[in-house]
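Trainee: Hi, could you walk me through this one? I'd like to start with the core and then look at the chain contacts.

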Amino acid sequence: MNINLKVWRQKNGKSQGKLVDYKVEGVSPDMSFLEMFDVLNDRLVSEGKDEPIAFDHDCREGICGMCSMYINGRPHGPNQGVTTCQLHMRSFKDGDTIVVEPWRAAAFPVIKDLAVDRSAFDRIIASGGFISVNTGNAQDANSLPIAKDNADEAFAAAACIGCGACVAACKNSSSMLFVSAKVSQLALLPQGDPERNTRVLNMVAQMDSEGFGACTNTGACSAECPKEISLTNIARLNREYFAAQLGSDRS
Amino acid sequence: MNWITKMFSSSLGQKLIMALTGLFLCSFLIIHMVGNLQLFKHDAGLAFNKYAVFMTTNPLIKTTSYLLYAAILFHAFKGIALVFQNKKARPVKYQAFDGKANSHWSSRNMGVLGTIILVFVVVHMSNFWWQYKFGHVPYTKYTVNVGDNSLSSIPIDVTNEDYMKGFTEKLVVRPLGQVDEIIVKDLYRSVELGFKELWLVALYIIAMAALSFHLYHGFKSAFQTLGLNHKKYNGAINFIGIGVFAILIPIGFAAMPLYFFIK
Amino acid sequence: MLDSKIPQGPIESKWTKYKSTVPLVNPANKRSLEIIVVGTGLAGASAAATLAELGYKVKAFCFQDSPRRAHSIAAQGGINAAKNYQNDGDSVYRLFYDTIKGGDYRAREANVHRLAEVSGNIIDQSVASGVPFAREYGGLLSNRSFGGTQVQRTFYAAGQTGQQLLLGAYSGLQRQVGLGNVRLYSRHEMLDVVNIDGKCRGIIARDLVSGKLERHFGHAVLLCTGGYGNVFFLSTNAMGSNVTAAWKAHKKGAFFGNPCYTQIHPTCIPVSGDHQSKLTLMSESLRNDGRIWVPKRKEDAAAIREGKLNPNDLKEEDRDYYLERRYPAFGNLVPRDVASRAAKERCDAGFGVNKTGEAVYLDFAFNMKYKYGKQVATLKHITDPTEEQLTAFGHEVIKEKYGNLFDMYKQITGVDPYKNPMMIYPAVHYTMGGLWVDYNLMTTVPGLYALGEANFSDHGANRLGASALMQGLADGYFVIPYTIGAYLANEISVKPISTDHEAFVKAENEVSDRLNKLLAIKGTKPVDYFHKRLGKIMWDKCGMARNVEGLTWAISEIQKIREEFWKDVRVPGDANEFNPELEKAGRVADFIELGELMCKDALERNESCGGHFREDYQTEEGEALRDDENFKHVAAWQFNEVGNWTLNKEDLVYENIKIAQRSYK
């Protein structure tokens, strides 16, 4: 296969970027999308004309959440429920032109080329995405039974890999799906109950201060989420938030 | 900051305002629709005109209507502000953007759709509401036969200032034995005349299409914002949102100008 | 002989007694003691969070963009704990015994017993911090079986146990970051340790975004930097997983223990072509329900390879379920090293089933139909289900249990594993070797600790499935918080040392010189070229089977690669910018040095044990043949200069378990 790439090149956070054309020849359909970039980068290094393309990636098995390419107008490319690293070239045709851009959001500034800074997510978790239990304080794991349905739902929310595709997909660059996944997971478990009010209030406040847009329920986040995190989590976040504002001593 | 301002200034709180005002406006649409159906009655507009009087004089309705105007303004300007605010969250746009792959067109264009509706509301209100309240609306005298309810109507020459004297009321009913004589502000005639204008009819139809798409997303979106998303009830919410608000109501409203244009 | 500082007394009470007698640091003093934690996987995140909770000032470093990306996240199957919730006879002793036996009698008894003792607390702690483990309908925790054991003691969260545990530990870490007790340095790579007066006092780290070098002081430094499987280029490790932090420590005096012990995981997706950048694991939990087989006849295997025969059409009697045949007691659930070698043996003999001849089947059809399909049919009161019904019912159960793994398999290979048997082949997965540590988890450099996969301690020559997560969290949550006190109690009077100290300056200069040297070569070959060459040599000569000739050849070949690398590598860009190629170059340079040591260690160990299989030391049946007389020790290598090491030994004493030949028949 031969592929025409248009890749966003940007030297660093301060400089302007632009799309640059590359032709990659002899692509195998069994290659992953990132492996195609490896091939291209090796070529760029060997030729010595252009610097290799910087992009984030690590586990390459769809779980670490580091890879983050915006491919032909969609985060993680054309397939449903898949990260960029799990996208394979058999999903494209010979001669295709593919536009590759970084996640774009004020809260995710570009570091270089396709790599962006997603530390805003870490700060949101640090503001409340946890259960305050010091090591050694825990009671026996089976002392609190949890209904299987709740445990399963909490798990489905907890499957979020923090890749930021939701923000990238959303026309408002909203991070509601990410925040809601964590709030949901902990709201569904009895262990998370004692801090449910402060958690949701603090996490929403932090989310707003990071410069993400507001949710307008387009559903793009969930449709593009590689872990298919459901929109019901956003509804639950809304419930949790208004319940905390209206029904608790906290604000 | 106290908790109320804190809540309503958060991104979720602002959405809550949009949802609550939006649903309130939806409830008005139903009332407005039901009332306006009287335009289709073959009574030379009597029922419609009576309804218009009722809507503008009943104290409860009057109070509600001020709430409604406030809601319209709030919903519209908050919505526009949010659109600009949300745009700031992505200062550099994508070169390639495939929105249709993951979301419905209407959900991505609520601002545009809402603006069309706002323009429409302004035109609509200035055409009818403003005219009715402050402008020049003709009067009509209806003579209703008490026995068989048969009816005749005569427009009152509004240029005859003497005759008009004493008619500060919008509606006067004089029982005259065999017949009732009813003199009423004839909004119906304004409607009839107005909808002979092609551009106005076109604007109404475009606006109702916009309303349809706006509510297609807006209705169920409001429930999502309120946190009401549950597989047991989503079917009903979708059914009402699409069936009633995105299809029936816009079609009903659009039928009115068309009806008068063709009539 | 090395002193492992194992406490005296009977094994059951060593840890309890240690905990109650270890020196303590009072809360006021903890606040003035600084600890550097490098790496934020299970060990690093749990250690950093716990130490911060105790009151120490902690700095946490990771090279990824967020601590949550650490490769612990990719662990699939589960975590072991001796909870005995299933009432099937499990106990701390059994977990201890299974781990020692699974490690082929090459692990330190006291460490392993401690690990088994705290295993239950890990589950408690994780559940309390919101980890959504799988549950039964009654609301209690569910367990499954894993290789090398005969009880069900593995806790799991679908096929994403590592992710859930890491996110639990990460949330604890972020909580401490939010409270200001931990300072987080993401996108920072540790490039050297700084020793002052014989003690480790800090690190040199590179801010990967700006490229600037930073000096950080710490009263103690914890390396939680994972394993070095990427020395093979192709492995199940993440692309960024590297040995650099551990290797720098090694070059600054920390001994490297058992570098040749590498775990080759039996169930990975086979290699598809030269472009391949990494291998993907299919969780060991699949062996609960998947049966491993190859055709009985070579003709059939050849026909399958050529695409002339569909494996589903091969009759039951023409299939060779070789694990069930060779190891009837454990069947498909033999430990990983055994399963891997058996697959290699079949493929080498010509029974491989994919184009390259390096794959065997992992087949779910039987259990899908007859185990789960029948179960569901019974539940639905269908007395005489059709074959199609059974398949459909079983399909649902399999989907619920392993759905994400099946999806991943399909995504990568393009083949639907619900309809066709999976193809698998062994791949490098985990490294049991690592920095040598004593009972306190301290390396041979005072104040420098190694936790999790980065150390060598608990798994001997082979790790059992679901034990890596257990060890990482045990070290971080429950071991280091106690054992670090033994060292820091004597450090309370040490004021923070200025990073202008000459040792810091010197270390930073060395790091900077090395980076500049890499950039100055301006050769012709990209870094990956060397990495791939190294990987192939390691896999061929120091992989599943090793011999004297191959290892000797490999050592000289790796030396050649090293020379060539430093002459001909091309690293574009410069040091003062985000430069992933430069990061990679530094890591590969370290892998090359490590590769040589691994071969040396493999050559030195004239026996077969666990993941180290020497072809010249095997039984008539092809099983590993240990030499307890001469090799019942840990090989701890001391660095002299590049390519030159001194071997030190720690004798392993078995007081509680009788050493025997490992048998899973």
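Trainee: Which residues touch the most other members of the largest nonpolar core?
Mentor: C:Val38, C:Ala48, C:Leu222, C:Leu223, C:Val360, C:Leu435 and C:Tyr449, out of 334 residues in that core. A nonpolar core here is a set of buried Ala, Val, Leu, Ile, Met, Phe, Trp, Tyr and Cys residues joined through C-beta atoms within 7 Å. Buried means that 20 or more other C-beta atoms, placed from the backbone, lie within 10 Å of the residue's own.
Mentor: Keep in mind that this is a predicted model: local features need pLDDT of at least 70 and side-chain atom pairs count only at pLDDT 80 or more, while totals for chains, interfaces and linings use all residues. Residues are numbered from 1 along each chain as its sequence is written, with chains lettered from A in the order in which they are written.

Trainee: Which element gives the most to this core?
Mentor: α9(B), with twelve residues. Helices are DSSP runs (H or I, at least four residues), numbered from the N terminus.

Trainee: And what does C:Ala48 touch?
Mentor: Leaving out residues up to four places away in sequence, C:Ala48 touches C:Val37, C:Thr40, C:Val58, C:Ala60, C:Leu173 and C:Val182. Contact means C-beta atoms, placed from the backbone, within 7 Å.

Trainee: Switching topic, how many residues of chain C are in contact with chain A?
Mentor: 63, and they meet 65 residues of chain A. α6(C) gives the most to that side of chain C, nine residues.

Trainee: What about chain B?
Mentor: There, 35 residues of chain B are in contact with 39 of chain A. α2(B) gives the most on the chain B side, with five residues.

Conventions
Contact = placed C-beta atoms within 7 Å. Helix = DSSP H or I, 4+ residues; strand = E, 2+ residues; numbered from the N terminus. Buried ≥ 20, exposed ≤ 12 C-beta atoms within 10 Å, placed from the backbone.
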